[in-house]
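Please examine the structure shown below together with the following note.

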Amino acid sequence: MIDEVLAKKFIDKIASYTSHNVNIINEQGRIIAASKDLHRVGDFHEVAWKMLQKDSNESCVTQTDDYLGVQPGVNLILTCKGKKIGVVGVTGNPEEIYDIALIIKMSLETMIEYESHYELIQERKNSKQQFLNTLLYTEDDDIRKGLSAMAETLGYQPSMLRLAVLISFDTRQDCSQLLKIMESSPSFTSQDITHITRSGNLLVFKSYPQNTEETFLNYRILLEDALRELLFYMQHHRIAFHIYVGSFQDKLTYYRHSFQHCQWLKHHLKDTAEAPVCYFYDYVREYLTSQIPFSQIHQIYHVFSHSVAPDFQKNIIETVTSLEENNYNMNVTSKKLFIHKNTLIFRFNKIKQFFHINPFQNSSDRNFLWYLAQYLKHKGDMHK
């Protein structure tokens with residue numbers, strides 16, 4: 001079906017380039033736009049109607065022909081995606097205007113195809129936006145039950161293994177341009193779901209082969225390969241960014257959790273993350289600790305907040321936190337703390353002797369110290 005507004009727009013344009021009258025006729029045989037003979041708009045065009053009913057793609061009408069609502073000229077069928085949608089007619093001597101009519105037909109069909117394609121793109125954008133709003137923000141379980149159907153409509157496999165990747169910027173960026181760069185990567189696939197978040201960050205649910213050993217072995221390499229061109233662009237243009245990678249999920253209803261894990265990383269690591277890409281699985285213990293009500297940890301460790309000297313508390317926080325971050329490697333930790341290795345050993349021995357523990361040999365002792373350090377570090381937050 002030809003949109004009348006589109007037909008009028010085309011006629012207004014074509015009137016500037018030809019003195020011939022051009023008519024556009026719809027599927028019902030009615031003239032919906034005319035460049036010269038405006039009084040004919042709304043008239044029935046018998047030849048066009050017959051062409052639409054039969055397998056006729058063109059009709060040249062001479063002055064001797066006698067049809068209802070028809071003048072001499074050339075009439076050509078308009079098609080879109082192989083379907084008849086109307087007729088374009090050019091008034092005049094058929095022998096003189098036939099080539100002109102063909103050019104006008106081609107131009108109009110090109111315009112209609114473009115508008116149709118644009119509408120499909122807009123429709124898909126709207127559907128995708130609705131899908132992502134439901135996926136990430138909707139709490140209503142009844143609405144979320146339709147996620148699979150929405151995904152399939154957009155061409156996404158609902159049960160695909162994916163993980164969220166949140167690309168956060170320190171300042172407002174042209175995310176549409178950055179999204180195009182990311183999608184141009186050979187490692188980017190049609191099953192990768194992209195989104196510009198409400199806060200102006202980039203989010204992609206990167207797809208992976210379903211539950212294979214190679215997937216979990218190489219997923220970081222594959223991801224950073226997919227992001228390589230984008231990383232190069234951002235670094236070259238000095239765009240300040242952080243990338244947070246969430247957890248694997250294979251159910252659409254759980255994808256939001258992967259996104260939330262990215263947000264947790266952003267909240268907890270933005271000021272301390274040294275690597276350009278931070279992975280949630282590297283911080284599972286910290287995440288689980290953050291989910292424990294602080295009152296529970298307080299009940300276990302509060303006695304140490306007043307039985308341990310403030311300077312010693314500071315030593316525990318600094319030493320234990322850094323040792324944990326560096327896998328209890330004394331050489332690396334001492335460099336990170338900008339102290340001599342012997343100084344670090346001395347500090348740590350004081351902690352071991354005070355609590356009569358050995359974290360190097362006993363994982364339970366290491367866990368005890370970890371939670372103690374977290375408690376001492378955050379205990380002041382209870383009174384805020």
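**Note on the predicted model**

1. In the hairpin of S1 and S2, five residues lie between the strands, and glycine 29 adopts a positive phi near 85 degrees. Helices (H or I, at least four residues) and strands (E, at least two) are DSSP runs, numbered from the N terminus. Two strands pair if DSSP finds at least two bridges between them.

2. This is a predicted model, in which local features need pLDDT of at least 70 and side-chain atom pairs count only at pLDDT 80 or more, while totals for chains, interfaces and linings use all residues. Residues are numbered from 1 along each chain as its sequence is written, and side-chain values use heavy atoms, with hydrogens and water left out.

3. The bridges may be followed from strand to strand. S1 is joined to S2 by three bridges, and the two run antiparallel; here asparagine 23 stands opposite alanine 34 in S2. S1 is also antiparallel to S5, with four bridges between them, and isoleucine 25 has valine 87 in S5 as its bridge partner. S4 (residues 73-80) and S5 (residues 83-91) pair in the antiparallel sense over eight bridges, and leucine 76 stands opposite valine 88 in S5.

4. Which way do the side chains of S1 point, and are they buried or exposed? Val22 and Ile24 point one way, Asn23 and Ile25 point the other way, and all are buried. Buried means under 20% relative accessible area, exposed over 50%, and partly exposed in between (1.4 Å probe, protein chains only). In a regular strand the side chains alternate between the two faces of the sheet.

5. In helix H2 (residues 46-53), the buried residues are Glu46, Val47, Ala48, Met51 and Leu52. Their cover includes S1, S3, S4 and S5.

6. Asparagine 201 is found in the loop between S7 (193-196) and S8 (202-208). Why does asparagine 201 count as buried? Its relative accessibility is 4%, and therefore asparagine 201 counts as buried. The side chain of asparagine 201 reaches the backbone nitrogen of phenylalanine 169 at 3.2 Å. Apart from neighbours within four places in sequence, asparagine 201 is in contact (heavy atoms within 4.5 Å) with residues including Leu166, Cys175, His195 and Lys266.

7. Glutamine 249 belongs to strand S9 (residues 241-249). Because its relative accessibility is 13%, glutamine 249 counts as buried. Its side chain makes a polar contact with the side chain of serine 247 (3.0 Å). A polar contact is a pair of N or O atoms within 3.5 Å; within protein, one must be able to donate a hydrogen and the other to accept it, and residues adjacent in sequence count only if both atoms are side-chain atoms.

8. Two packed helices are described by the angle between their axes and the distance between the axes. Helix H9 (residues 255-269) and helix H10 (residues 284-291) pack at about 90 degrees, with axes 11 Å apart, which means that H9 is roughly perpendicular to H10. Angles under 35 degrees count as roughly parallel, over 145 as roughly antiparallel, 65 to 115 as roughly perpendicular and the rest as oblique. At this packing, His261, Trp264 and His268 in H9 meet Glu286, Tyr287, Ser290 and Gln291 in H10.

9. Helix H12 (residues 310-325) and helix H13 (residues 330-337) pack at an angle of about 125 degrees, and their axes are 9 Å apart. H12 is therefore oblique to H13. Glu318, Ser322 and Leu323 in H12 meet Met330, Thr333, Lys336 and Leu337 in H13.

Notes:
Axes fitted to C-alpha atoms, helices over the stretch in contact; angles between N-to-C directions.
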